[in-house]
Amino acid sequence: MTSASNDRAAGNAPLAIEYAPAPESKAVVNIRERYQLFIDGSFVPPLQGGYFPTINPATEEPLAEVALAGEDDVDRAVGAARRAFDEVWSPMPGRERAKYIFRIARIIQERARELAVLESIDNGKPIRESRDVDVPLAAAYFFYYAGWADKLEYVRPGPVPGPIGVAGQVIPWNFPLLMAAWKLAPALAAGNTCVLKPAETTPLSALLLAEIFQQAELPPGVANIVTGAGATGAALVAHPGVGKVAFTGSTEVGKQIQGELAGSGKRLTLELGGKAANIIFDDAPIEQAIEGIVNGIYFNQGHVCCAGSRLLVQESIADEVVERLRRRLATLRLGDPLDKNTDIGAINSAAQLEKIRRLSKTGEAEGGISWSSGCALPERGYWFPPTVFTKVEPAHTIAREEIFGPVLSVMTFRTPEEAVQRANNTVYGLSAGVWTEKGSRILWMAERLRAGVVWANTYNRFDPASPFGGFKESGFGREGGRHGLEAYLER
Amino acid sequence: MGSKPTSSGNGRLSVAKTRKLYIDGAFVRSESGRSFVETGPGGVAVNVAWASRKDVRDAVSAARRRLPAWSALTAYNRGQILYRLAEMIESRSGEFAELVLAQEGCGEAAARAEVEAAVDRWVWYAGWTDKIGHLAASVNPVAGPYFNFSLPEPTGVVAVFAPASLLGITSVLAPVMAAGNVAVMVAGERGSLVAASLAEAVATSDFPAGSVNILTGRQPELAGTVSTHRGIDGLDLSGLLPELRAEAESGAAGSVKRVFSEGAPDWTGLPGVSRVLSFVEVKTVWHPIGI
């Protein structure tokens, strides 16, 4: 931040800046009328012949029809994956597998703009985020894990671990391409073959990834993509040919899957919900902390399992932080996801918008004070303005339940001990943030926070070399780094 | 109940020892007032406390209270406490050998060998407490100006179902403790005398009250309570009767418990570190680098 912007932040009048529209061109991507399943290296129609629409959440316009995979289609995909595992992928030398995965990473980089535009159209996220975060990180995950494929003997001491077999992977709609990369890259590097089920509302980038697999000449059956809703995912995780299940999504569904797999002997990793505390001490670098709070909860419209949705501020600076935060939020631009100046895109679906509205109403009914930035909402599409709740008590619904939207609950604390107690007072344990200039306090806090990722003086950073995953009901298993390979290797 | 009074042959009536539950550092009868009879050394009948669901809850409460202090000990300190238990078992090796002989039906030499192996295994795990970090921690080379590291931390309260042998019990309990967790161990129909004697060794070692809790009872009665208890974070099902495992795994899903369920192997081989690594949580910390 420049000193001029500091002066502005300290002043009273918010700075009004008008922007001309700066939309990214849609011409770079060719959206087809109808998409098929990707099984055994080919795009094939579903056996039962059903299709469902996917829409642009910013306009509510249908984008395409997508094949609805039934149990028989899942069975075909698992069968293809099994054959590819037995005959091609598992016997292949690691260095050859590595080169296929490197190819995929490279083609993602080459087709980055196309992927970013498609992701923003199907998901509603700002092009600035899909362009700068989702797509480059997706390429980075493939690139990182490609290098592991011929180094599995270095993952851990002891005998060289083998792959498990066919991995059934079910991913959410908030980072469609990136979650596909988190799942596929380590699984393929370890020598497994995959059947991936993208989320119902965001299937398109995974199907473009399937084209990239063809372009990379990935052997047929090594990675299969079956589109559909919950029933398709349920059929996949229940399929007896699947030896490993990886799920990212809600804690509710994660528990169902863990229960259904009981006694099956299948390996399971779960990356579930969160209700992260972002803790601001009175000695925090305040301008950076404000940016960290904004990034923590308004990044990707708050559709982030590790979002910093509970702001814990030390009491002595609480009023100042809330005031500065409101002033900052007033400058955020909400609207066309394809506009390069957009900060806040569309809520992904009507159902999610309804959930956010319902929980916000509950927050008000239970005594929280709601404040929203005054930005105008487009007439069509699903939108929710950046919202801050003050006067929130730990027992309030919005302090306990995951909203998965741009809604922040502010609470206060007096001592570090109280901050820890409040932060850990949740069934979740995915992530946490700590802001203070005192190094020893950062480590003291990091040691006590029951969360799988602790961001100190930063928030929402991701990297393929960095393990990610939850404590408690936020799930088990890690994605990223050497730890991320363990989920896809024999014990 | 039906234990037979015995005399030592010189007309003196011997004093039989009731085997109690070990909860929060104290030997207690089951709150249910129940006991069952096991055949001890020399064919002597021994009364063993028969734990109820409420005893499980008491043990979990005690474990949870102890967790913060136990997991906050240095790994060096915990290692010494595990080693101290090895010392206590070694000093009671005669008693353990008799119990193993009575409960596991092996020969005398085999019973002595099993006790020795159990002592050695506690020593082996004692040495792991401050080395798990070398296996599970990492400094992660992220693509940006951040210091990023990952460390293993204890999962929390872990319930272990005791296998039928001393070596099996050691092989499931020691890794849980080495990883810094607190434990509630449930011994079932077989091996209850060995488990109860281990409680006595634990009580005279340096394990603080509540860090290790040992219950004797009936697995079909207790498995449901243990697997669904929200105060339990992890389960080792190796010693659970096979027909109860699927239900326990299903119960674990209600609070996303970590479950280790890979059957009961031949316990004579070194079990490796997979159990230790199953009951740790890896935490990753990010911090920017700058001036």
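The legends below describe close-up views of a predicted model. Residues are numbered from 1 along each chain as its sequence is written, and chains are lettered from A and ligands numbered from 1 in the order in which they are written. In this predicted model, local features need pLDDT of at least 70 and side-chain atom pairs count only at pLDDT 80 or more, while totals for chains, interfaces and linings use all residues.

**View 1. Chain A as a whole.** Chain A has 16 helices and 18 strands; helices (H or I, at least four residues) and strands (E, at least two) are DSSP runs, numbered from the N terminus. Its radius of gyration is 22 Å, close to the 23 Å of the globule rule for 491 residues, so chain A is as compact as a globular protein of that length. This radius is taken over C-alpha atoms, and the rule is 2.2 Å times the number of residues to the power 0.38. The C-alpha trace of chain A spans about 65 × 50 × 40 Å along its principal axes. Of its 491 residues, 57% are buried (20 or more other C-beta atoms lie within 10 Å of the residue's own, with C-beta atoms placed from the backbone; exposed means 12 or fewer, and partly exposed lies in between).

**View 2. The nonpolar cores.** A nonpolar core is a set of buried Ala, Val, Leu, Ile, Met, Phe, Trp, Tyr and Cys residues joined through C-beta atoms within 7 Å. The largest one has 187 residues, and Ile101(A), Phe142(A), Ala183(B) and Met185(B) have the most contacts inside it. A second, separate core has 68 residues, including Ala276(A) and Ile347(A). In soluble globular proteins, nonpolar side chains tend to be buried together.

**View 3. Around Met185(B).** Contact means that the C-beta atoms of two residues, placed from the backbone, lie within 7 Å. Apart from neighbours within four places in sequence, Met185(B) is in contact with Val160(B), Ala162(B), Leu173(B), Ala195(B), Asn213(B), Ile214(B) and Leu215(B).

**View 4. A sheet of 3 strands in chain A.** The strands form an open sheet in the order β1-β5-β4, with mixed pairing; two strands pair if DSSP finds at least two bridges between them. At the edges are β1 (34-35) and β4 (51-56) of chain A, each pairing on one side only. The pairing of β4(A) with β5 (residues 61-67) of chain A is antiparallel, over 6 bridges. Here Thr54(A) stands opposite Ala64(A) in β5(A).

View 5. Within chain A, β11 (residues 277-280) and β16 (residues 431-435) run parallel over 4 bridges, and Asn278(A) has Gly433(A) in β16(A) as its bridge partner. Between the chains, β17 (residues 453-456) of chain A is joined to β12(B) by 3 bridges, in the parallel sense. Val454(A) stands opposite Val285(B) in β12(B).

**View 6. The side of chain B that touches chain A.** The contact takes 33 residues from chain A and 27 residues from chain B. On the chain B side, β6 (146-154), α9 (242-252) and β12 (280-288) each supply at least two residues, and β12(B) gives the largest share, 8 residues. This side has 11 nonpolar, 11 polar and 5 charged residues (Ala, Val, Leu, Ile, Met, Phe, Trp, Tyr, Cys and Pro count as nonpolar, Asp, Glu, Lys and Arg as charged, and the others, Gly among them, as polar).
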